[in-house]
Amino acid sequence: MASYETEHGIDRTEQSETRPRRPDLSSFFNHLSQITPDRPEERAREYALPVPGDVSAAFTSLAEAFQAIQRENEHADSDLLQNMIEALMSSAEQPPREVKGVEEEYIAELERVKIKTIKKDAECPICGNAFVDDPHPLVVRLPCHSSHLFDLECIRPWLLLNGTCPLDRKDLAQRERDRKKKLLEEIKKNSSPEDEEEEWDGLYG
Ligand SMILES: [Zn+2]
Ligand SMILES: [Zn+2]
């Protein structure tokens, strides 16, 4: 009797046992936590800049995690992944003064895509695995394009550090910062009795 897998053309040769589907990101998240402390009182410190060494370590450890996928996963042979690794390495060499990634909150709010709506041969651009092969798929769509789908676990660490879509390089973090800024300005404007003056002083001053 044909199994569900063969009938549906799904190859479940237990990839997860032979090679990791996902990068091991424990060291990356360790380093990242050095940069963005969870304690709000530290985050609120106005001129607290991250230590360049910590920033560098976060970029390096993500590059290493991606290299591990590249090595151990035969599907992960894309130029895209290679470019992402190179970008991470060069950021590690010259760490930015601050990490311009998105917030966890932004990632939590990304559109989740139902696996049933995804084509069978569609694969995550980062790890190269077909989404349908994942026994527990968690797929997100980036707002830049309806076809820009990723495993949440693959795109999350990248977005936290870079804030850009790897496919079209749209700066989602910048967009989000602009959106919040605009929102704040509108709130300010609406609460001010002298709207017009405020606008000149506030926006262009
Ligand atoms: Zn993936
Ligand atoms: Zn995109």
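**Fold and zinc site of a predicted model**

The protein chain exposes about 13300 Å², and carbon and sulfur atoms supply 49% of that area. The model is predicted. Of the 205 residues in the protein chain, 36% count as buried.

The secondary structure of the protein chain consists of ten helices and three strands. Read from the N terminus, the elements follow the order α-α-α-α-α-α-α-β-β-β-α-α-α. As for contacts in the protein chain with a separation of 6 or more, 66% of them are between residues 24 or more positions apart.

The zinc ion (ligand 1) takes its protein donors from four residues: Cys124 (SG), Cys127 (SG), Asp151 (OD) and Cys154 (SG). These donors lie 2.1 to 2.3 Å from the zinc ion. Along the chain their spacing is C-x2-C-x23-D-x2-C. Cys124 is in the loop between strand 1 (111-113) and strand 2 (139-141), while Asp151 belongs to strand 3 (residues 149-151), so this pair ties together parts that are 27 residues apart in sequence. Both Cys124 and Asp151 are buried.

The geometry of the site follows from the angles at the metal. Four donors count as tetrahedral if all angles lie between 85 and 135 degrees. Around the zinc ion (ligand 1), the four donor atoms subtend angles of 92 to 117°, and the arrangement is therefore tetrahedral.

Definitions and conventions:
Residues numbered from 1 in each chain as written. Chains lettered and ligands numbered in written order. Predicted model: local features only at pLDDT ≥ 70, side-chain atom pairs only at ≥ 80, totals over all residues. Heavy atoms only, no water. Donors = N, O, S within 2.8 Å, 3.2 Å for Na, K, Ca; no water. Tetrahedral: all angles 85-135°; square planar, octahedral: opposite > 155°, others 65-115°. Helix = DSSP H or I, 4+ residues; strand = E, 2+ residues; numbered from the N terminus. Buried < 20%, exposed > 50% of the residue type's maximum accessible area, 1.4 Å probe, protein only. Contact = heavy atoms within 4.5 Å. Areas by Shrake-Rupley, 256 points an atom, 1.4 Å probe, with all protein chains shown as cover.
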